[in-house]
Amino acid sequence: MQIKTMAEYFASGESPEILFWVGCAGSFDQRAQKITKAFATILTKIGIRFAILGKEESCTGDPARRAGNEFIFQMMAQNNIMVLNNYAVKKIVTTCPHCFNTLKNEYPELGGNYEVLHHATYLQQLIDEGKIRVKEGGAFKGRKITYHDSCYLGRGNDIYEAPRKVLEVLDATLIEMKRCKSNGLCCGAGGAQMFKEEEKGTTRINFERGREAVETGATVIASNCPFCMTMLTDGVKEQGKEDSVKVLDIAELIAMDLEG
(Lines give C-alpha, C1' and ligand atoms only; values in the text may rest on other atoms or scores of the structure.)
Protein backbone atom coordinates (compact mmCIF):
# COMPACT_ATOMS: atom_id res chain seq x y z
CA MET A 1 0.00 0.00 0.00
CA GLN A 2 1.37 3.37 -1.06
CA ILE A 3 0.18 6.35 0.99
CA LYS A 4 1.04 9.90 0.01
CA THR A 5 2.78 12.13 2.54
CA MET A 6 1.95 15.75 3.30
CA ALA A 7 5.24 16.67 1.64
CA GLU A 8 4.13 14.98 -1.59
CA TYR A 9 0.76 16.73 -1.55
CA PHE A 10 2.47 20.04 -0.79
CA ALA A 11 4.96 19.60 -3.65
CA SER A 12 2.12 19.07 -6.13
CA GLY A 13 0.12 22.04 -4.81
CA GLU A 14 -2.69 19.83 -3.51
CA SER A 15 -4.28 19.34 -0.11
CA PRO A 16 -5.70 16.14 1.40
CA GLU A 17 -9.08 16.01 3.14
CA ILE A 18 -7.48 14.74 6.33
CA LEU A 19 -4.10 14.07 7.88
CA PHE A 20 -3.93 10.54 9.31
CA TRP A 21 -1.81 10.77 12.47
CA VAL A 22 -0.38 7.26 12.75
CA GLY A 23 1.24 7.51 16.18
CA CYS A 24 4.17 5.60 17.68
CA ALA A 25 2.31 2.35 18.29
CA GLY A 26 0.69 2.41 14.87
CA SER A 27 4.11 2.93 13.29
CA PHE A 28 6.33 0.56 15.23
CA ASP A 29 4.26 -2.01 17.15
CA GLN A 30 3.62 -5.05 14.92
CA ARG A 31 0.10 -5.63 16.23
CA ALA A 32 -0.86 -1.96 16.01
CA GLN A 33 0.48 -1.77 12.46
CA LYS A 34 -2.45 -4.00 11.46
CA ILE A 35 -4.84 -1.35 12.81
CA THR A 36 -3.02 1.32 10.80
CA LYS A 37 -3.31 -0.80 7.67
CA ALA A 38 -7.00 -1.55 8.28
CA PHE A 39 -7.88 2.12 8.70
CA ALA A 40 -5.81 3.16 5.68
CA THR A 41 -7.47 0.40 3.65
CA ILE A 42 -10.93 1.72 4.54
CA LEU A 43 -10.01 5.29 3.57
CA THR A 44 -8.45 4.13 0.30
CA LYS A 45 -11.40 1.91 -0.68
CA ILE A 46 -14.00 4.63 -0.14
CA GLY A 47 -11.94 7.29 -1.89
CA ILE A 48 -10.93 9.62 0.94
CA ARG A 49 -7.95 11.81 0.05
CA PHE A 50 -5.67 11.47 3.04
CA ALA A 51 -2.02 11.91 3.87
CA ILE A 52 0.47 10.96 6.54
CA LEU A 53 3.50 12.88 7.76
CA GLY A 54 5.76 9.86 7.36
CA LYS A 55 9.24 10.51 8.74
CA GLU A 56 8.20 14.03 9.75
CA GLU A 57 5.82 12.65 12.39
CA SER A 58 7.23 12.23 15.88
CA CYS A 59 5.67 11.24 19.21
CA THR A 60 3.04 13.68 20.48
CA GLY A 61 4.85 13.73 23.83
CA ASP A 62 1.93 12.19 25.73
CA PRO A 63 3.99 9.55 27.57
CA ALA A 64 6.58 12.16 28.58
CA ARG A 65 3.95 14.47 30.08
CA ARG A 66 2.17 11.60 31.87
CA ALA A 67 5.51 10.48 33.32
CA GLY A 68 6.16 14.02 34.56
CA ASN A 69 8.75 15.24 32.03
CA GLU A 70 7.13 18.50 30.95
CA PHE A 71 10.28 19.78 29.24
CA ILE A 72 10.44 16.81 26.86
CA PHE A 73 6.70 17.07 26.20
CA GLN A 74 6.90 20.74 25.23
CA MET A 75 9.92 20.12 23.00
CA MET A 76 8.14 17.31 21.13
CA ALA A 77 4.86 19.19 20.92
CA GLN A 78 6.42 22.38 19.58
CA ASN A 79 8.32 20.44 16.93
CA ASN A 80 5.13 18.71 15.78
CA ILE A 81 3.15 21.95 15.79
CA MET A 82 5.79 23.62 13.63
CA VAL A 83 5.53 20.80 11.07
CA LEU A 84 1.70 20.78 11.12
CA ASN A 85 1.42 24.56 10.83
CA ASN A 86 3.93 24.66 7.98
CA TYR A 87 1.58 22.40 6.01
CA ALA A 88 -1.47 24.40 7.15
CA VAL A 89 -3.09 21.22 8.47
CA LYS A 90 -6.73 21.73 9.42
CA LYS A 91 -8.14 18.25 10.14
CA ILE A 92 -6.41 15.31 11.85
CA VAL A 93 -7.72 11.78 12.42
CA THR A 94 -5.87 9.30 14.60
CA THR A 95 -6.40 5.69 15.70
CA CYS A 96 -4.84 6.35 19.13
CA PRO A 97 -6.89 7.95 21.95
CA HIS A 98 -3.67 9.13 23.61
CA CYS A 99 -2.58 11.00 20.47
CA PHE A 100 -6.18 12.24 20.05
CA ASN A 101 -6.36 13.63 23.58
CA THR A 102 -2.98 15.36 23.34
CA LEU A 103 -3.51 16.85 19.87
CA LYS A 104 -7.06 17.98 20.67
CA ASN A 105 -6.76 19.22 24.23
CA GLU A 106 -3.12 20.01 24.92
CA TYR A 107 -1.64 21.35 21.66
CA PRO A 108 -3.91 24.45 21.41
CA GLU A 109 -2.18 26.17 24.34
CA LEU A 110 1.10 25.83 22.44
CA GLY A 111 -0.27 27.16 19.16
CA GLY A 112 -1.53 23.93 17.59
CA ASN A 113 -5.20 24.46 16.72
CA TYR A 114 -6.75 21.73 14.57
CA GLU A 115 -9.96 19.78 14.18
CA VAL A 116 -8.97 16.46 15.73
CA LEU A 117 -11.06 13.30 15.50
CA HIS A 118 -10.59 9.82 16.85
CA HIS A 119 -11.15 7.21 14.16
CA ALA A 120 -14.25 5.89 15.96
CA THR A 121 -15.97 9.25 15.49
CA TYR A 122 -14.71 9.60 11.92
CA LEU A 123 -15.89 6.09 10.98
CA GLN A 124 -19.31 6.87 12.45
CA GLN A 125 -19.50 10.04 10.34
CA LEU A 126 -18.56 8.12 7.18
CA ILE A 127 -21.22 5.49 7.95
CA ASP A 128 -23.87 8.18 8.56
CA GLU A 129 -22.92 9.83 5.23
CA GLY A 130 -23.31 6.50 3.43
CA LYS A 131 -19.66 6.40 2.39
CA ILE A 132 -18.99 3.22 4.36
CA ARG A 133 -21.22 0.25 3.59
CA VAL A 134 -20.73 -3.23 5.02
CA LYS A 135 -21.64 -6.57 3.48
CA GLU A 136 -24.97 -8.19 4.23
CA GLY A 137 -24.41 -11.22 6.47
CA GLY A 138 -20.77 -10.37 7.04
CA ALA A 139 -18.18 -12.12 9.18
CA PHE A 140 -19.69 -10.89 12.46
CA LYS A 141 -23.42 -11.33 11.84
CA GLY A 142 -25.01 -12.88 14.92
CA ARG A 143 -21.73 -13.01 16.85
CA LYS A 144 -21.36 -11.60 20.34
CA ILE A 145 -19.07 -8.58 20.66
CA THR A 146 -18.13 -6.71 23.83
CA TYR A 147 -16.65 -3.24 23.65
CA HIS A 148 -13.93 -1.84 25.92
CA ASP A 149 -14.07 1.90 26.63
CA SER A 150 -10.54 3.27 26.61
CA CYS A 151 -9.96 5.91 29.29
CA TYR A 152 -8.81 8.72 27.02
CA LEU A 153 -11.72 8.33 24.62
CA GLY A 154 -14.38 7.60 27.22
CA ARG A 155 -13.93 9.31 30.55
CA GLY A 156 -11.28 11.66 29.16
CA ASN A 157 -13.30 12.98 26.22
CA ASP A 158 -16.84 11.68 26.83
CA ILE A 159 -17.01 9.67 23.59
CA TYR A 160 -19.07 6.56 24.25
CA GLU A 161 -21.69 6.28 21.53
CA ALA A 162 -19.64 6.71 18.33
CA PRO A 163 -17.74 3.41 18.59
CA ARG A 164 -20.91 1.58 19.58
CA LYS A 165 -22.75 2.99 16.57
CA VAL A 166 -19.88 1.77 14.36
CA LEU A 167 -20.27 -1.72 15.82
CA GLU A 168 -24.05 -1.66 15.22
CA VAL A 169 -23.59 -1.83 11.44
CA LEU A 170 -21.89 -5.24 11.77
CA ASP A 171 -25.24 -6.82 12.70
CA ALA A 172 -23.61 -8.42 15.73
CA THR A 173 -24.93 -8.60 19.29
CA LEU A 174 -23.23 -6.04 21.53
CA ILE A 175 -22.86 -7.27 25.11
CA GLU A 176 -21.72 -4.71 27.66
CA MET A 177 -19.33 -5.55 30.46
CA LYS A 178 -20.58 -4.72 33.96
CA ARG A 179 -18.07 -1.90 34.16
CA CYS A 180 -18.58 0.16 31.00
CA LYS A 181 -18.92 3.71 29.71
CA SER A 182 -18.28 6.26 32.50
CA ASN A 183 -17.83 3.38 34.96
CA GLY A 184 -15.41 1.51 32.69
CA LEU A 185 -12.21 -0.09 33.96
CA CYS A 186 -8.81 1.01 32.66
CA CYS A 187 -6.84 -1.59 30.70
CA GLY A 188 -3.85 -0.84 32.92
CA ALA A 189 -1.67 1.03 30.41
CA GLY A 190 -2.76 4.64 30.88
CA GLY A 191 -0.75 7.43 32.46
CA ALA A 192 2.51 6.08 30.99
CA GLN A 193 1.93 2.76 32.81
CA MET A 194 2.48 1.10 29.41
CA PHE A 195 6.18 1.75 29.83
CA LYS A 196 6.76 0.65 33.43
CA GLU A 197 6.01 -2.25 35.73
CA GLU A 198 2.85 -1.89 37.76
CA GLU A 199 2.86 -1.45 41.52
CA LYS A 200 2.40 -4.58 43.63
CA GLY A 201 -1.15 -5.77 44.17
CA THR A 202 -3.31 -8.86 44.21
CA THR A 203 -3.70 -8.95 40.41
CA ARG A 204 -2.84 -7.03 37.26
CA ILE A 205 -5.46 -4.61 35.98
CA ASN A 206 -5.40 -6.09 32.48
CA PHE A 207 -5.95 -9.58 33.94
CA GLU A 208 -9.01 -8.26 35.78
CA ARG A 209 -10.33 -6.56 32.65
CA GLY A 210 -9.61 -9.63 30.54
CA ARG A 211 -11.63 -11.74 32.97
CA GLU A 212 -14.57 -9.30 32.81
CA ALA A 213 -14.52 -9.36 29.00
CA VAL A 214 -14.34 -13.16 28.77
CA GLU A 215 -17.19 -13.53 31.28
CA THR A 216 -19.59 -11.75 28.88
CA GLY A 217 -19.43 -14.80 26.60
CA ALA A 218 -18.38 -12.61 23.66
CA THR A 219 -16.06 -14.09 21.04
CA VAL A 220 -14.76 -10.66 20.00
CA ILE A 221 -13.49 -7.84 22.22
CA ALA A 222 -13.65 -4.56 20.31
CA SER A 223 -10.99 -1.98 21.14
CA ASN A 224 -10.20 1.54 19.97
CA CYS A 225 -6.67 1.96 21.33
CA PRO A 226 -3.34 0.24 20.55
CA PHE A 227 -2.37 0.22 24.24
CA CYS A 228 -5.69 -1.35 25.23
CA MET A 229 -5.17 -3.86 22.42
CA THR A 230 -1.90 -5.07 23.96
CA MET A 231 -3.21 -5.19 27.52
CA LEU A 232 -6.51 -6.90 26.66
CA THR A 233 -4.76 -9.48 24.47
CA ASP A 234 -2.53 -10.40 27.41
CA GLY A 235 -5.59 -10.45 29.70
CA VAL A 236 -7.37 -12.91 27.41
CA LYS A 237 -4.27 -15.11 27.26
CA GLU A 238 -4.15 -15.18 31.05
CA GLN A 239 -7.71 -16.53 30.96
CA GLY A 240 -6.57 -19.23 28.52
CA LYS A 241 -9.06 -18.04 25.89
CA GLU A 242 -6.76 -16.70 23.15
CA ASP A 243 -8.00 -19.32 20.66
CA SER A 244 -11.72 -18.58 21.13
CA VAL A 245 -11.76 -14.86 21.98
CA LYS A 246 -10.17 -12.32 19.64
CA VAL A 247 -9.27 -8.71 20.43
CA LEU A 248 -9.81 -6.49 17.36
CA ASP A 249 -9.85 -2.77 16.74
CA ILE A 250 -13.09 -1.29 15.39
CA ALA A 251 -11.27 -0.36 12.17
CA GLU A 252 -10.25 -3.99 11.67
CA LEU A 253 -13.85 -5.11 12.21
CA ILE A 254 -15.16 -2.65 9.61
CA ALA A 255 -12.36 -3.42 7.14
CA MET A 256 -13.24 -7.13 7.25
CA ASP A 257 -16.87 -6.48 6.32
CA LEU A 258 -16.40 -3.49 4.00
CA GLU A 259 -18.25 -3.63 0.69
CA GLY A 260 -16.10 -3.48 -2.45
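A polar contact is a pair of N or O atoms within 3.5 Å. Keep that in mind as we look at this predicted model.

Me: Which residue caps the N-terminal end of helix 11?
Reply: Look for a side-chain oxygen that reaches a backbone nitrogen at that end of the helix. One lies 2.8 Å from the backbone nitrogen of Ala251, and a polar contact takes N or O atoms within 3.5 Å. The residue that supplies this oxygen is Asp249.

Me: How many of the eight residues of helix 11 are buried?
Reply: Helix 11 covers residues 250–257. Its buried residues are Ile250, Ala251, Glu252, Leu253, Ile254 and Asp257. Their cover includes helix 3, helix 7, helix 8, strand 7, helix 10 and strand 8. Helix 11 is largely enclosed by the rest of the structure, because the number buried is six.

Me: Are helix 3 and helix 11 parallel or oblique to each other?
Reply: The two helices pack with their axes 8 Å apart, at an angle of about 50 degrees. Angles under 35 degrees count as roughly parallel, and 65 to 115 as roughly perpendicular. Helix 3 and helix 11 are therefore oblique.

Me: How many charged residues does the contact of helix 3 with helix 11 have?
Reply: On the helix 3 side, the meeting residues are Arg31, Lys34, Ile35, Ala38, Phe39 and Ile42, while helix 11 brings Ala251, Glu252, Ile254 and Ala255. By class, seven residues in this contact are nonpolar and none polar, and the charged ones number three.

Terms used: Residues numbered from 1 in each chain as written. Predicted model: local features only at pLDDT ≥ 70, side-chain atom pairs only at ≥ 80, totals over all residues. Heavy atoms only, no water. Buried < 20%, exposed > 50% of the residue type's maximum accessible area, 1.4 Å probe, protein only. Helix = DSSP H or I, 4+ residues; strand = E, 2+ residues; numbered from the N terminus. Contact = heavy atoms within 4.5 Å. Polar contact = N/O pair within 3.5 Å; in protein donor to acceptor, adjacent residues only side chain to side chain. Axes fitted to C-alpha atoms, helices over the stretch in contact; angles between N-to-C directions. Parallel < 35°, antiparallel > 145°, perpendicular 65-115°, else oblique. Nonpolar A, V, L, I, M, F, W, Y, C, P; charged D, E, K, R; others polar.
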